[in-house]
Amino acid sequence: MEQTLDWIQITFLAIIQGLTEFLPISSSGHLILIPQLFGWQDQGLAFDVAVHIGTLSAVLLYFRQDVWLMTRDWSTSLVTRQPTSNSRLAWWVIFATLPAVIFGFIINNGLEEALRDPLIIAATTIGFGALLWWSDVKGKRIRDEHSLSFKDILIIGFAQALALIPGTSRSGITITAALMVGLTREAAARFSFLLSIPIILGAGLLKLKDLLASAHPVQWDAMIGGVTLSGLTAYAVIALFLKWINSIGMAPFAWYRFILGAVLIALFI
């Protein structure tokens with residue numbers, strides 16, 4: 001039987017999910033470390049669905065104007081065959097999602113558990129943190145997301161597929177790749193956040209399918225708390241990250257990843 005979550009666990013896990021979904025600091029590293037520190041059992045499928053709904057709601061709400069324009073222009077372009085910058089951006093989100101979908105099926109067919117070794121997560125947390133920092137230093141940072149080419153999208157899309165390796169960080173690796181192809185920090189973050197929409201939606205639907213097939217009762221207060229707290233946290237993270245990223249750069253997040261990776265090594269070596 002699934003455990004009943006108390007409000008300390010609900011609050012902490014929902015806020016951590018809201019933070020780590022969009023900051024380039026690796027959610028899987030935190031999800032391994034936090035239960036170890038507090039002695040918590042797995043939070044269960046229902047809560048996972050709730051926090052995915054919360055973070056998806058946050059990114060859709062924040063980018064509601066962009067999503068509307070992309071959806072409208074993409075739909076219109078299917079009929080008129082006249083692309084716009086918004087319809088192209090919608091196509092880029094679709095194409096950049098495909099590698100993660102393909103590799104996701106491969107990993108789910110046998111490799112997922114092998115990749116969840118804490119030392120692998122520690123290594124990827126540190127290694128991809130260093131790559132994030134390097135791309136921030138070396139990137140030209142002169143373009144916006146509307147200037148992306150198909151070649152750029154392939155690079156970002158295959159980079160996102162690497163996030164299926166725990167510890168990589170989906171936002172971290174997509175921002176890294178976007179910086180490498182010359183996007184500004186803000187543009188790299190914006191495209192990473194837009195790219196998260198189909199990924200979070202897909203992950204949430206898969207977990208929802210598993211939840212509907214489960215016989216465990218749903219703890220509705222945990223669900224409501226998870227949606228609300230993860231959504232509010234994620235919205236604040238998106239807004240503040242985009243506001244401050246041009247001034248603070250990626251170095252603080254890289255250093256945080258180095259420390260997190262070192263803690264994981266100390267705990268599990």
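Contact here means heavy atoms within 4.5 Å. With that in hand, here is a tour of the model.

## About the model

This is a predicted model, so local features need pLDDT of at least 70 and side-chain atom pairs count only at pLDDT 80 or more, while totals for chains, interfaces and linings use all residues. Residues are numbered from 1 along each chain as its sequence is written, and side-chain values use heavy atoms, with hydrogens and water left out.

## F191 and the nonpolar cores

Let's begin inside. Leaving aside neighbours within four places in sequence, F191 is in contact with L89, W92, V93, E145, L148, I153 and I156. F191 also belongs to the largest nonpolar core, which has 44 residues; F191, F193 and F241 touch the most other members. A nonpolar core is a set of buried Ala, Val, Leu, Ile, Met, Phe, Trp, Tyr and Cys residues joined through side-chain atoms within 4.5 Å. Buried means under 20% relative accessible area, exposed means over 50%, and partly exposed lies in between (1.4 Å probe, protein chains only).

Helices here are DSSP runs (H or I, at least four residues), numbered from the N terminus. A second, separate core holds ten residues, including I16, I34, W40 and A222.

Helix α8 has 13 residues and reaches 19 Å from its first C-alpha to its last, close to the 18 Å expected at 1.5 Å a residue. That expected span is 1.5 Å times one less than the number of residues. Within α8, D152, I153, I156, G157, A159, Q160 and A161 are buried. F150, also in α8, counts as partly exposed because its relative accessible area is 42%.

## Salt bridges

A search of the whole structure finds seven salt bridges. Each is a side-chain nitrogen of Lys or Arg within 4 Å of a carboxyl oxygen of Asp or Glu. One of them pairs K207 with D48, the closest N and O atoms being 3.6 Å apart. K207 lies in helix α10 and D48 in helix α3, so this pair ties together parts 159 residues apart in sequence. K207 is partly exposed at 24% relative accessibility, whereas D48 is buried at 14%.

D136 and R185 also meet through their side chains (2.8 Å, N to O), linking helix α7 to helix α10 across 49 residues. D136 is buried at 5% relative accessibility, and R185 is buried at 13%. Salt bridges that share partners join D66, E145 and R190 into one network. Another bridge brings together D73 and R72 (2.9 Å, N to O); D73 is buried at 10% relative accessibility, and R72 is partly exposed at 38%.

Note on methods
Helix = DSSP H or I, 4+ residues; strand = E, 2+ residues; numbered from the N terminus.
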